[in-house]
Amino acid sequence: MRLGPHLHRIGNDVVAAYLVETDDGVTVIDAGLPGHWRDLLAELAAMGRAVEDVRGVVLTHGDSDHIGFAERLRRDHGVPVFVHADDAERARSGAKPKVATGPARLGPTAGFLAHALRKQGWRTRYLSEVVEVADGDVLALPGSPRVIAMPGHSPGSIAVHVPVAGAVFVGDALTTRHVLTGRPGLQAAPFTDDPARALESLGRLAGLEAAWLLPGHGTPWRGDLGTVEERVRRAADGAGGPRS
């Protein structure tokens, strides 16, 4: 799906990944689930591109539903995969703490699990090699993506700001569709290591110039990034979650 002149989305509102295209090639932001490989190939073809045009994958964090086809790109096509140093081990091994899932409804939860099965979530391949990044890094990739540390969902969660695409990619720093309840709108994502810290990190989005805020789960959002933290805090209040 083409969102703008330099911006494409693959997947859907359950699990999404993104492509940034410039004259220099393509940067992939997150890699969904293994079965999104076909979606990647189809979108590249629609763009008049091929896998050989992909210059790098930037992971917003190291969870399994964001690293799906990253190792395939790295291993078979020599594409480097970038992840924050604090999530490097998570991306390599899947090691993560057990956290409370919070509220859930049967229908949306079953739908999420069924989608993960259809997209071969059970075939996750963790990364053999990663390129570690840090807050403030501007990567030498199409679109010159800038790394913004957003710890909370995981220690190494990041947002990725790409001015040429008018977009900031936030992974699971927040969601616009809760995969376990189906609740729409800006809100905290489930399966978060440190919910209070995740809320605090959202303040880092204020002041960014971007028309699009793009989560890993849910619909693309457009609005004032300076209001995002307070909107998510209000949603947390309504759900009985943390504000501080």
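This is a predicted model: local features need pLDDT of at least 70, side-chain atom pairs count only at pLDDT 80 or more; totals for chains, interfaces and linings use all residues.
1. Overall fold. The chain holds six helices and 13 strands. Its radius of gyration is 16 Å, close to the 18 Å that the globule rule gives for 244 residues, so the chain is as compact as a globular protein of that length. Along the principal axes, the C-alpha atoms fill a box of roughly 45 × 40 × 30 Å.

2. Burial and surface. Of the 244 residues, 55% count as buried. The accessible surface is about 10,200 Å². Carbon and sulfur atoms supply 50% of that surface.

3. Aromatic pairs. How many aromatic pairs does the model have? The count comes to two. In the pair Tyr-18 and Phe-169, the ring centres are 5.4 Å apart and the planes stand at 55 degrees, so the pair is tilted. Tyr-18 lies in strand β3 (residues 16–22) and Phe-169 in strand β10 (residues 167–171), so this pair ties together parts that are 151 residues apart in sequence. Both Tyr-18 and Phe-169 are buried.

4. The pair Trp-37 and Phe-69. Here the ring centres are 6.2 Å apart and the planes are at 65 degrees; the angle is over 60, so the pair is edge-to-face. Trp-37 sits in helix α1 (residues 37–46), while Phe-69 sits in the loop between β5 (54–58) and α2 (70–77), so the pair ties together parts that are 32 residues apart in sequence. Trp-37 is buried, and Phe-69 is too.

5. A charge over a ring. Which residue lies over the face of Trp-212? Arg-222 does, at 4.4 Å from the ring centre.

6. Val-54. This residue belongs to strand β5. Is Val-54 buried or exposed? Its relative accessibility is 5%, and buried means under 20%, so Val-54 counts as buried. Leaving out residues up to four places away in sequence, Val-54 touches Val-26, Val-28, Leu-44, Leu-73 and Val-79.

7. Val-54 and Thr-219. How far apart are Val-54 and Thr-219 in space, C-alpha to C-alpha? The distance is 24 Å. In sequence, Val-54 and Thr-219 are 165 residues apart.

Conventions:
Residues are numbered from 1 along each chain as its sequence is written. Side-chain values use heavy atoms; hydrogens and water are left out. Rings of Phe, Tyr and Trp (its six-membered ring) pair if their centres lie within 6.5 Å; planes under 30 degrees apart count as stacked, over 60 as edge-to-face and the rest as tilted. Helices (H or I, at least four residues) and strands (E, at least two) are DSSP runs, numbered from the N terminus. Buried means under 20% relative accessible area, exposed over 50%, partly exposed in between (1.4 Å probe, protein chains only). A charge sits over a ring if NZ of Lys or CZ of Arg is within 6 Å of the ring centre and within 35 degrees of the ring normal. Contact means heavy atoms within 4.5 Å. The radius of gyration is taken over C-alpha atoms; the globule rule is 2.2 Å times the number of residues to the power 0.38. Accessible areas come from the Shrake-Rupley method with a 1.4 Å probe; for residues, only the protein chains shown count as cover.
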